[in-house]
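Q: Please take a close look at the aromatic rings here. Which rings pair up, and where do they sit?

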Amino acid sequence: MSSAISVRNVSKHFKVAHERYPSLKERVIHLGRTPHEEFVALQPMSIEVPEGTTFGLLGHNGSGKSTLLKCIAGILRPTTGEIETRGRVAALLELGAGFQAELTGRENVFLNGAILGMSKRDIARRFDDIVAFAELEQFIDTQVRFYSSGMYVRLGFAIAVSVDPDILLVDEVLAVGDEAFQRKCLERGEHFQQEGRTIVVVTHAADLVTRVCQAPAVLDHGHLVAYGDPRESVQAFREHLRKAHPRPRP
């Protein structure tokens, strides 16, 4: 089976400033000499995601899984290594990302669809299906600044899946959706799999991984600690979680 995503020796470093200079004069004087330290968000890792699978990135908060997803999406550039994706990529990464608060839901559908590469005609043709999937018929002409977090997620997911992506990247934003909508998303994911599409899901929900993922990867403080069998990966995740948060002795 060929790979939809190839992650080869990828790492990601960030520069973290120690102090900020309050005045413009001080910033000019110290230009290029601001004290900082390097934070390694991802240690070098290699992962192959087969076409037509649902792939999980499992880890506790701060493990580096969202950073890796942003590298795959092309939002962040890896410090080392390379990432190759095959086909159209659609991403649902952060709550409200890409939405303009002063625009209505209708206007944001057309704006986000255009950003994802859809023509205005294609968006118009799929508009009713997008709104129906998001269950926002009553609020589609309301400014999205009045939307709840669940409404944001429903509309964002509906737009992302409507572009017929070969690869769908989904961060933990689905956790804010209600149970009925999560079930609908999982059903759409199964339909995507049947069509040979690829899904990458970032989560810290071990049960979700064993339910829908074929070959998850587990990250811990930027390290790839397990990769492959779902049950073994979940076991590794729980072991690292116990080490990070040991139970107090009675």
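A: Here is a walk through the aromatic pairs and the charges beside them.

This is a predicted model, where local features need pLDDT of at least 70 and side-chain atom pairs count only at pLDDT 80 or more, while totals for chains, interfaces and linings use all residues. Residues are numbered from 1 along each chain as its sequence is written, and side-chain values use heavy atoms, with hydrogens and water left out.

A search of the whole structure finds 5 aromatic pairs. Rings of Phe, Tyr and Trp (its six-membered ring) pair if their centres lie within 6.5 Å; planes under 30 degrees apart count as stacked, over 60 as edge-to-face and the rest as tilted.

Take Phe 110 and Phe 127. They are stacked, at 5.8 Å centre to centre and 25 degrees between the planes. Phe 110 is in helix H3 (residues 105-115) and Phe 127 is in helix H4 (residues 120-134), so the pair ties together parts 17 residues apart in sequence. Helices are DSSP runs (H or I, at least four residues), numbered from the N terminus. Phe 110 is partly exposed, at 25% relative accessible area. Phe 127 is buried, at 7%. Buried means under 20% relative accessible area, exposed over 50%, partly exposed in between (1.4 Å probe, protein chains only).

Now Phe 133 and Phe 157. Their centres are 5.9 Å apart and their planes at 20 degrees, so this pair is stacked. Phe 133 belongs to helix H4 and Phe 157 to helix H5 (residues 149-162), 24 residues apart. Both Phe 133 and Phe 157 are buried.

Phe 133 also has a charge over its face: Lys 184, at 4.9 Å from the ring centre. The rule: NZ of Lys or CZ of Arg is within 6 Å of the ring centre and within 35 degrees of the ring normal.

Note on methods
Helix = DSSP H or I, 4+ residues; strand = E, 2+ residues; numbered from the N terminus.
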